[in-house]
Amino acid sequence: MARFFIRRLVLLVAVLFAVTFLGFSAMNFLGDPLFNVVGLMAELDCEAIEAGSAEDPSLDRARSDCETVAEARATYHLDRPVPVRYLLWVGDMFTGDFGTSFQNDQPVAEIIREKLPETLILLIMAQIVSLGVAIPWGVVAAYRANRAFDRGSTVASFGLLSIPNFALGVVLLYLLSLRWQIFPSAYESDSVVGLVFSMVLPAATLGLPLAASYQRLLRTDLITTLQEDFVHMARAKGLPPMRIMFRHALRPSLFSVVTVFGVSTGAMIGGSLVVEQIFGIPGIGREIVTAVVRDDFPVVLAIVMLVACTFVIINFVVDLFYSWLDPRVRAR
Amino acid sequence: MSGDGRPSRKGRASRQRLLRRFRVFRLVRSSKGPEPDGPGENEAVRRRLGVGFWLAVVWLVVMAFIALFAPMLPFADPTKVGYSGPREPPSAGAWFGTDALGRDVFSRTMHGARISLAVGGFAIVFGMVVGGALGILAGYFRGRLDQAVGFTFFVLLSFPALVLAILITATLERSLLVVSLTIGILAVAPVGLLARASTLVYAEREFVAAARVLGARNGRIIVRELLPNVVIPMGALTLLGMAVAVVAEGSLAFLGLSVAGDEAISWGKMIVDGAGLRDLQNATHVAMFPVAVMFVTVLALNFAGDRIRQYFDVKELAF
Amino acid sequence: MAPDQTTAAPVPLLSVRDLHVRFPTERGTVNAVNGVSFDLYEGKTLAIVGESGSGKSVTAKTLMNLLPRSALVSGDVTYAGQDVRALAAAGTKHFFGVQMTMVFQDPMTSLNPVKRVGEQIAETLRYHLGRSRSAALEEAEDLLDAVGMPEPARRVMQYPHELSGGLRQRVVIAMALACQPRLLIADEPTTAVDVTVQKHLLDLLDELRRDRGMAMILITHDLGVAHGRADDVAVMYAGRIVETADARTLFVDMRHPYTEALLRSIPRIDDPVHHRLDPIPGRPPELISPPDACAFAPRCLYAQADCLDGVPELSGLVGLHRFACLHPTGTERGVAAATANRAAGVTVAGLPLTGDPGGAG
Ligand SMILES: Nc1ncnc2c1ncn2[C@@H]1O[C@H](COP(=O)(O)OP(=O)(O)O)[C@@H](O)[C@H]1O
Ligand code: SF4
Ligand SMILES: [Mg+2]
């Protein structure tokens, strides 16, 4: 167990470095890094401006811009090679300095702190929706495998899996909010109840397609498990069917779901960009899209890093979760 | 990560776990699990493609035809502002109505197929060429190369797909080529893992060993013996991969990060155009027609793709 | 079945009459069990013996209502006067596991890999007998002790994968015995465990059965396992009982050529180490659309033309020595048939006779 854990940990650290380095170099190699940091000011011909008449008041503005550029070069160490810059940047990240938005000079750490809760609530609610729907759905489908309900749910999940997130969001928004007016159409933060209620549709948009895929996985694994000897044994022990289903068959059938849980969190994070847009949720997803559109690179970079690292860590935790699901993994 | 030299039991287990993870990219798992009361997917059933498959194929062929020849077909000008009034409901003149700027939604939807299918097709080809090559080389030569490639795939997959796409499109001009490449890069790792896994299977078969004994060079073995066998499972999953790529492009477009410019019409862009609350309330058709066409297209790709996957009996290695 | 003749005829604990089980499959209907009947009395052991595929497990699963939903079952199964299939259909609580229960062949797969051993035993006690968790765990420990598990206190907290095959099978037995069932069905309980512990486990099972006055159906492919442990033996072939009698009679005075062949394939202690056993040549027949003939004919040294005209009926009444053969071994007809076949060098069904056909002549 200890060795297993250490090996995973080493891999985790390696992947985190690789992921951040990849993101960092993308920002530095694709396009002009100076531009990425100071925007249009990078185009200024500072030497010419310096050389210009010191008296000329029309150049005052340009001169201060040039100072900003020089400052940026210094803060972002733009005259150093990329690997060095990367290490300096990682160092900054460790001290909690995530950079500063050059749209509004707000520290990125502060932006993240402000927007993260909304996104977290959304993602957690979405996972609750997907598991809450998928587990009963998969259990019933497997219990009555190949009967009408099961066949119907195959078709339904096929459909759900073919609707892109944004399309499902728009359809749900139209039907449940505008047409039948069951849920609010926009984000509310006045009260906790209102907040949760306004998050139901976004969470369903993210969670339902996932529920369909969880349901498929769970159903297939359950059908296999239900043919295992130990299920027969449990029946020979005289335990009632639903007790066997939940106490004996479910846990060993959760492997695929747990495996996909990590990846699906990635898909969900991607989906949250879109969903926050549709339902006007002021979260990380909307922030990054806005930042991309405004070429606010420090924000983009910091959020991408945050998201990628979270994703890597979630998958690491999921791997550890296996050992709870199957004690045999611990022995390996 | 991936083992050293020969696959240890543990290495195999974690690899399988890794492979299982990527099933989600496939969107659809086998629609038929093993029968509860007897043998699983039966040969005869599997080998029948069925009416649904052909319906899906017809839809895809029609969409491909429209995408290729849209400018030559008798559609209204999709970019002409104020073609008739704004937000007009569907009519004989404008089948899908008009959008907020009075542009013909039907014509735009048909033209939207161009970018979606072009990006989808290019991305999957790119993924297959690059990912396939890397996967085969890694699976054939094993050792350090395998470890390096495996690690690269792992890192690529450590980004949520849409976030990686944003990272790339954020820094470059959003041209058709850049968007296609971006989504192609997303396809590299899953396709590569699939190719690597099937290479591992075949590299141990007798015909490869025989070729080696006969003194065939590595290059020849890879091209003559391995490639044809690895291309089959890869090819069987093309349509499923395309479905993912089309959705990815749509998502980027929805966020305004796909191909830039008014000329570049995309389903995602059209849907976001019609998704404002007022438009959704009063001119539902603006968003719903592209939603419907996109849904049917993705459904057709998934459905036909899944049938093909079953037909070739590609199961465990699915990405 | 040699009931005690001095009292009024006792009621059998389990009575099976004309049991048929068929499985519709894509290749056709599998006739897995074709008219099986037997009685089992309180405290007695019935051994069901036959090669793999003869329908032993399907019979056992039918008794326990463990068949897949697709199976077509007909016939009567009565337990202490109650219709078992009706009880099962009605979802009667506390019947299976309390009255009758089963032990499966493979202890590797018949324990839940993700639950502690103690929990799995305690579960039955808690559900059927309403024990508290801690009381049930204590009882589980006692049960493990009773089945000869070393260090039971430590074992209850272990997972199945931490135990050897032999120890796991002990757990399964403890689990089955938890609620003191009156009937235990043991389906090849030692086939999957290490040879060195097989005999030990069988003796343990026998001892536990005796102590508790429990009835047992012992299923095995090895006639030797039945020897000394069973009161009655039923030999199955192709879904039918082809010979049944009390154990003494069957071993000493068998009538069916298949029983004889099975007996010859038992390894003996006094055999030289590399002594080749006489495996029965040929394979059991297809169970999909079987021919209307004695199913054993293609492999039978005694087979005559009349063996191919229909399935031989089981002779006599339930409870007596019964066999389904037209040319029984050890009878005049059998001797004549064997002699004729040996003279011809080939049986009617086309089986060539090389060398000694065995102790029949
Ligand atoms: N669920 C099933 N579907 C189809 N055939 C089955 C099924 N279960 C068992 N059989 C068939 O029934 C026959 C008897 O099997 P079984 O009772 O397991 O034999 P054994 O005597 O070795 O225990 C075999 O030919 C087997 O293939
Ligand atoms: S002698 Fe005839 S009836 Fe008896 S077992 Fe042989 S073939 Fe069957
Ligand atoms: Mg059996």
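This is a predicted model: local features need pLDDT of at least 70, side-chain atom pairs count only at pLDDT 80 or more; totals for chains, interfaces and linings use all residues.
The size of an interface is often given as the accessible area lost when the parts come together. For chain A and chain B, this buried area is about 5700 Å², and carbon and sulfur atoms give 75% of it. The contact involves 67 residues of chain A and 58 residues of chain B. Across this interface 0 salt bridges are found, and 1 residue pair is in polar contact, with both residues at pLDDT 80 or more. On the side of chain A that touches chain B, the elements that give two or more residues include helix H1 (2-29), helix H9 (192-226) and helix H14 (297-325) of chain A. Helix H12 of chain A gives the most to this side, with 12 residues. By class, the side of chain A that touches chain B has 42 nonpolar, 18 polar and 7 charged residues.

Chain C is divided into domain 1, formed by residues 12-99 and 183-291, and domain 2, formed by residues 107-180. The C-alpha centres of these two domains of chain C lie 26 Å apart, and their contact takes 17 residues from domain 1 and 15 residues from domain 2. Together the domains of chain C bury about 1400 Å², 66% of it on carbon and sulfur atoms. Between them there are 0 salt bridges and 2 residue pairs in polar contact, both residues being at pLDDT 80 or more. Helix H7 (residues 195-212) of chain C supplies the largest share of the domain 1 side, 7 residues. That side of domain 1 of chain C consists of 12 nonpolar, 3 polar and 2 charged residues.

Technical notes. Residues are numbered from 1 along each chain as its sequence is written. Chains are lettered from A and ligands numbered from 1 in the order in which they are written. Side-chain values use heavy atoms; hydrogens and water are left out. Domain bounds come from an automatic or database domain assignment. Contact means heavy atoms within 4.5 Å. Buried area is the accessible area (1.4 Å probe) that two parts lose on being put together, summed over both. A salt bridge is a side-chain nitrogen of Lys or Arg within 4 Å of a carboxyl oxygen of Asp or Glu. A polar contact is a pair of N or O atoms within 3.5 Å; within protein, one must be able to donate a hydrogen and the other to accept it, and residues adjacent in sequence count only if both atoms are side-chain atoms. Helices (H or I, at least four residues) and strands (E, at least two) are DSSP runs, numbered from the N terminus. Ala, Val, Leu, Ile, Met, Phe, Trp, Tyr, Cys and Pro count as nonpolar, Asp, Glu, Lys and Arg as charged, and the others, Gly among them, as polar.
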